[in-house]
Amino acid sequence: MSALDAVALRRALLSETDLLGEFFRAADPARSVPTCPGWTLADLITHVGLGHRWVAAMIADRATEPYGIDQVPDAERPPAIDATVAWLRDSARLVLAAVDATGSDVPIWTPFGAARPAEWWVRRRLHEVTGHRADALLSADRPVTIDAILAADGVTEFLALLAMGSAHFETPLDTGTSLSLHATDTDATWSIRRTTDTIVWTDGQLPATTTVRGPAVEVYLLLLRRISADHPRLEVDGDTAVLDTWLRRTAF
């Protein structure tokens with residue numbers, strides 16, 4: 001499937017961050033977040049806002065090596081709720097401003113293999129927010145209301161991270177196994193196989209060792225390990241051990 005274009009990704013980064021901020025405004029900051037063990041909602045907001053600001057500072061400094069969190073200006077989350085929401089909202093806008101000021105094609109360090117163009121970070125930060133907004137909603141037993149097209153883009157982005165290679169992940173498929181993901185509401189399909197010590201995938205349905213079908217949001221949340229494979233909106237066919245191995249090896 002085709003990825004969202006740069007304009008759509010930028011708009012979504014702002015809107016998803018704003019939605020997370022508005023959720024926080026009406027919530028208990030001390031609420032636990034079961035999908036992020038040991039975190040409160042306040043911790044989650046701090047993680048997202050500081051992450052945005054870390055990326056913005058890294059891009060502004062044209063970093064090509066690992067970048068320390070102590071180099072990030074205005075890193076501390078304000079104590080008041082309204083100030084926190086403003087701090088979070090502004091953090092996403094700082095990312096876009098840094099990309100525009102530095103240049104979208106300027107190579108910037110990433111923890112996933114080689115340096116990437118500064119614009120790459122917009123999509124990465126967007127899906128950091130979609131995943132953590134899902135955490136916030138799940139903590140309140142609320143449905144995860146991510147747009148299906150955006151969730152499908154999150155699946156593609158997550159697969160791209162795996163394919164780039166990182167010390168964070170093992171190769172998720174064993175030799176001779178394959179995984180097919182099908183988003184039933186967007187009709188997007190990812191047919192994934194192992195090659196050497198990484199993965200590749202193609203659009204379109206191909207025979208696979210294991211197939212997962214369901215709405216794009218649930219497929220995305222499964223990859224993020226926010227829901228389990230026995231979720232009622234998911235259907236798993238084939239060798240379930242392949243999916244179990246995949247999920248075990250792709251935990252952040």
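Which residue of β4 stands opposite Ala183? In this predicted model, the residue facing Ala183 is Ala188 of β4. The two strands concerned are β3, residues 178–183, and β4, residues 188–195; they run antiparallel and are joined by six bridges.

These strands belong to an open sheet of five, ordered β5-β4-β3-β6-β7, in which the pairing is mixed. Its edges are formed by β5 (198–203) and β7 (235–238), each of which pairs on one side only. On average, and with direction ignored, neighbouring strands of the sheet are turned by 20° against each other.

Two helices may be considered together with the sheet. Helix α5, residues 148–164, lies across β3, β4 and β5, and runs at about 145° to β5. Helix α6, residues 216–223, packs on the sheet and touches β3 and β6 (210–214); its direction makes about 145° with that of β3.

Helix α3 covers residues 81–102; its 22 residues reach 32 Å from the first C-alpha to the last, close to the 32 Å expected at 1.5 Å a residue. Among its buried residues are Trp87, Leu88, Val95, Leu96 and Val99. The cover over the buried residues of α3 includes α1 (6–25), α2 and α4 (120–139). Just after α3, Gly103 takes a positive phi of about 115°.

In soluble globular proteins, nonpolar side chains tend to be buried together. Here, the largest nonpolar core has 78 residues, of which Met58, Leu159, Leu181, Trp190, Ile192 and Trp246 touch the most other members. Helix α2 (residues 41–60) supplies the largest share of this core, with 11 residues.

Notes:
Residues numbered from 1 in each chain as written. Predicted model: local features only at pLDDT ≥ 70, side-chain atom pairs only at ≥ 80, totals over all residues. Heavy atoms only, no water. Core = buried A, V, L, I, M, F, W, Y, C linked by side-chain atoms within 4.5 Å. Buried < 20%, exposed > 50% of the residue type's maximum accessible area, 1.4 Å probe, protein only. Helix = DSSP H or I, 4+ residues; strand = E, 2+ residues; numbered from the N terminus. Expected span 1.5 Å × (residues − 1). Contact = heavy atoms within 4.5 Å. Pairing = 2+ DSSP bridges. Axes fitted to C-alpha atoms, helices over the stretch in contact; angles between N-to-C directions.
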